[in-house]
Amino acid sequence: MLVGSVAGSFYGLGRTTLDIDLVIDLAARPAQLVARSVEPEYFIDEVALAASKRNGEMVSALVQQGIGFKVDINPLRMDHFERVAFGRRRREDWEGTPVSVISPPDLVISKLKWGKPSWSERQFSDVQAIMALELFDEHDPDFQHWIQRLDLGDALEASRSSRYGN
């Protein structure tokens, strides 16, 4: 599942980024299978990917051959929200290639989760920009459920006043 700023670009978020962020269910796809699916265009560090599966940490294990463009792989965790978001991912077309992308409300929640510990202006400005696109109703009970359950109300409010926003 495509997440992060590149996922936001599918919904109209215009921001440059240095990498692509993916969530992969490594329990369903062994490191060797993931590696075979991207070779020879990409180099993948199978050892780092296997360690990521064990420790649940993000890994920069995928690099485009000859260009050096990096893909960060986040293993799908047992976290309830992440599993729900993974189940709600959407199929989109990326220049003729089908790709799974996180849904807009789940992207907002994900960016709030990522940005809250450090009060990241970058994540909050992304949230502000996505919310301004009005791709979903922020009063939707499911969205509000996750904001409350994950204690993200203060982060959502902080995103409304991001200095980098609209």
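**Strand pairing, helix burial and local contacts**

In the hairpin formed by strand 6 and strand 7, two residues lie between the strands, and Glu 95 adopts a positive phi near 50°. The model described here is predicted. Strand 6 covers residues 90–94 and strand 7 covers residues 97–101. The two strands are antiparallel and pair over five bridges. Trp 94 has Thr 97 of strand 7 as its bridge partner.

Strand 2 takes part in two further pairings. Strand 1, residues 2–3, runs antiparallel to strand 2 and is joined to it by two bridges. Here Leu 2 is bridged to Leu 22 of strand 2. Strand 5, residues 70–75, runs parallel to strand 2, and six bridges join the pair. Asp 21 stands opposite Asp 72 of strand 5. Strand 2 itself spans residues 19–24. Five of its six residues are buried, so the strand is largely enclosed by the rest of the structure.

Helix 6 comprises residues 121–132. Its 12 residues should span 16 Å at 1.5 Å a residue. The end C-alpha atoms are 16 Å apart, in agreement with that expectation. Nine of the 12 residues are buried, so helix 6 is largely enclosed by the rest of the structure. The buried residues are Gln 123, Phe 124, Ser 125, Asp 126, Val 127, Gln 128, Ala 129, Ile 130 and Met 131. Their cover includes helix 1 (4–10), helix 5 (104–115) and helix 8 (153–160). Glu 134 follows helix 6 and has a positive phi, near 50°.

Glu 82 belongs to helix 4, residues 80–87. Its relative accessibility is 12%. Buried residues are those under 20%, so Glu 82 counts as buried. With residues up to four places away in sequence left out, Glu 82 touches Val 23, Pro 75, Leu 76 and Arg 77.

Pro 75 and Arg 77 are also in contact with Gly 56, again leaving aside neighbours of Gly 56 within four places in sequence. Gly 56 sits in the loop between helix 3 (46–55) and strand 4 (59–64). Gly 56 and Arg 77 are 21 residues apart along the chain. Their C-alpha atoms are separated by 6.6 Å.

Definitions and conventions. Residues numbered from 1 in each chain as written. Predicted model: local features only at pLDDT ≥ 70, side-chain atom pairs only at ≥ 80, totals over all residues. Heavy atoms only, no water. Helix = DSSP H or I, 4+ residues; strand = E, 2+ residues; numbered from the N terminus. Expected span 1.5 Å × (residues − 1). Buried < 20%, exposed > 50% of the residue type's maximum accessible area, 1.4 Å probe, protein only. Contact = heavy atoms within 4.5 Å. Pairing = 2+ DSSP bridges.
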